[in-house]
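Please look over the model below before reading on. The briefing covers aromatic contacts, sheets and backbone details.

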Amino acid sequence: MTRTIYIPGDSGALALGADKVAKAMAAELQVRGIEATIVRNGSRGAYFLEPMVEVETDAGRIAYGPVRPSDVASLFAADFLSGAAHPKRLGRPEDLPFLARQTRLTFARCGITDPLSLADYEAHGGLAGLRKALAVAPLDVVKTVTESGLRGRGGAGFPTGIKWQTVHDAKAANKYIVCNADEGDSGTFADRMIMEGDPFVLIEGMAIAGIAVGATKGYVYIRSEYPHAVSVMRRAIEIAREAGMLGWNVLGSPNMFDMEVRVGAGAYVCGEETSLLNSLEGKRGVVRAKPPLPALQGLFGKPTVVNNVISLASVPVILDKGPAFYRDFGLGRSRGTIPIQIAGNVKYGGLFEAAFGMTLGEIVNDIGGGTASGRPVKAVQVGGPLGAYFPPSMFDTPFDYEAFAAKDGLIGHAGITVFDDTADMLKQARFAMEFCAIESCGKCTPCRIGSQRGVETIDKIASGIQPEKNLALVTDLCNTMKFGSLCALGGFTPYPVMSAINHFPQDFAPRPVAEAAE
Ligand SMILES: Cc1cc2nc3c(=O)[nH]c(=O)nc-3n(C[C@H](O)[C@H](O)[C@H](O)COP(=O)(O)O)c2cc1C
Ligand code: SF4
């Protein structure tokens, strides 16, 4: 029997040596004259176990990891192709606690299938949502998405169905679907993982969106730092086109939908939807004033759905299983599942898809296993560089858009970055201002100038120069930025700054001059 060996081709696994492992495996197979197929799957998201190699045995898949090239000879010697014992043997992947505790709806196939095999995609439930969408009226597709309670996973949590309804109702000769794959938040990688590990689910989600709102063309705007995602998506689009999943007659229907990849040039602000649209049009990535909403006047002035990768990739399962199935997961107005990305100084970093409602403490301590350094957790930044820092005393906060907003925080793209007790929160506050100063598109004064003044004022606090007066000044500045900025870059930078000041006041106390200068 020809065995199949799965070695992730995901960027995270590659960074940890997956290519070297694959090369060593191929060489060992040749030397031993064994016939086996090596599939470069996506990652299952347990990055602390990558490269995690799986082998298809008579008893199902058995995982080994983290595998180093130096482990390969001993794996063969131990007969790992039959799932035999070895110090790196992890057992059935689905039984690993990190994976067993998840509810995988959006990431159901990621790490399991061959990312570029449409047959494998279909064999694992793919295309069922698109088929159902093609069998009903476009408005029913919009209704299904609205009833599912899906909210945008890019950061703002805006109801996806309402956005689609606006574009559906708009009258125009051309409409567009734009997928926001700029994924600039610190500690986030869900978009990248799905594009590299299950690209057809995004293509399917975009095709469904196109059919629902009457758009025939889609663009995936991918950040330039994701070369692997760019090439997998490009290849997957070609395969989908050749198979009739995209093109003039989507799956043999009278509906047309096609799409292409566009690569960004490396600006955080180009993740903001209007800036992204400018960039797609070949203009400078500057934020546009709203109104008009992109849903009415978006790409090239036409009605446009701009959705995050995860929002769109969640649509096929909603269409397939129905809105009630999806809505039944979650808490309050946060329905369905959310792929939480656990990063920073954490023992078990990776992607954990779960229904909304877990507490932050459960995520950090039970799932993430606390810090990698073994030191106490000091703070967790939730929602990327514009998210607030939460101390352990707030770990009872459930993962829910409203619960975080009520505590002056945000879920954003669901990235959480863990810091141990050596973190200096004044430096983190300074970093937030500095990040805003560097990434500001420059269109409005509170953000462009305010962030620069913010850095200078925090530096004065660090140097012990009139600390009380300067703290009051930073607070005042934060209010000006919060209420006076045109977009959330300037408007939300105050969240990390003020949460650092409010929850960790000891770090803003006057300090010895030598320490402040470090
Ligand atoms: C500075 C800034 C950066 C952003 N970066 C991203 C991003 O990388 N990806 C994303 O999907 N949304 C990002 N957003 C949110 C988008 O503007 C927009 O809300 C989102 O793409 C809409 O899709 P959704 O409704 O599916 O979340 C950003 C917003 C701001 C203000
Ligand atoms: S807040 Fe900053 S990034 Fe946003 S429009 Fe104003 S200057 Fe540009």
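The points below are grouped by topic.

This is a predicted model. The structure holds 17 aromatic pairs.

- Y176 has 12% relative accessibility and counts as buried. Y219 is buried too, at 8%.

- F356 sits in the loop between strand 13 (350-355) and helix 16 (360-367), while Y401 is in helix 17 (residues 401-406). The pair therefore ties together parts that are 45 residues apart in sequence.
- F356 is buried, with a relative accessible area of 4%. Y401 counts as buried at 8% relative accessibility.

**Other ring contacts**

- One aromatic cluster is formed by F48, F98, Y348 and F352.
- R61 places its charged end over the ring of Y6, 3.5 Å from the ring centre.
- R223 does likewise over the ring of Y226, with its charged end 5.4 Å from the centre.

**Strands 6, 7 and 8**

- Strand 6 pairs with strand 7 in the parallel sense, over 6 bridges. A181 stands opposite I222 of strand 7.
- Strand 7 also runs parallel to strand 8 (residues 258-263), again joined by 6 bridges. Here Y219 has E260 of strand 8 as its bridge partner.
- Strand 7, helix 11 (residues 227-242) and strand 8 form a right-handed β-α-β unit.

- An open sheet of 5 strands runs in the order 13-12-16-14-15, and its pairing is mixed.
- Strand 13 and strand 15 (389-390) are the edge strands, each pairing on one side only.
- Strand 12 (residues 337-344) and strand 13 are antiparallel and joined by 6 bridges. I342 has G350 in strand 13 as its bridge partner.
- Helix 16 lies across strand 12, strand 13, strand 14 (377-382), strand 15 and strand 16 (415-420). The helix runs at about 120 degrees to strand 14.

**Backbone details**

- The K290 to P291 peptide bond is cis, with omega near -5 degrees. A cis bond also joins P291 and P292, where omega is about 5 degrees.
- P291 is in the loop between helix 12 (273-280) and strand 9 (304-308). P292 lies in the loop between helix 12 and strand 9 as well.
- D79 has a positive phi near 65 degrees, in a residue other than glycine. D79 is placed in the loop between helix 3 (72-77) and strand 5 (89-91). Its relative accessible area is 38%, so D79 is partly exposed.
- D408, also not a glycine, has a positive phi near 55 degrees. D408 is found in the loop between helix 17 and strand 16.

Key
Residues numbered from 1 in each chain as written. Chains lettered and ligands numbered in written order. Predicted model: local features only at pLDDT ≥ 70, side-chain atom pairs only at ≥ 80, totals over all residues. Heavy atoms only, no water. Phe/Tyr/Trp six-rings, centres within 6.5 Å; stacked < 30°, edge-to-face > 60°. Buried < 20%, exposed > 50% of the residue type's maximum accessible area, 1.4 Å probe, protein only. Helix = DSSP H or I, 4+ residues; strand = E, 2+ residues; numbered from the N terminus. Lys NZ or Arg CZ within 6 Å of the ring centre and 35° of its normal. Pairing = 2+ DSSP bridges. Contact = heavy atoms within 4.5 Å. Axes fitted to C-alpha atoms, helices over the stretch in contact; angles between N-to-C directions. Right-handed = clockwise from strand over helix to strand, strands pointing away.
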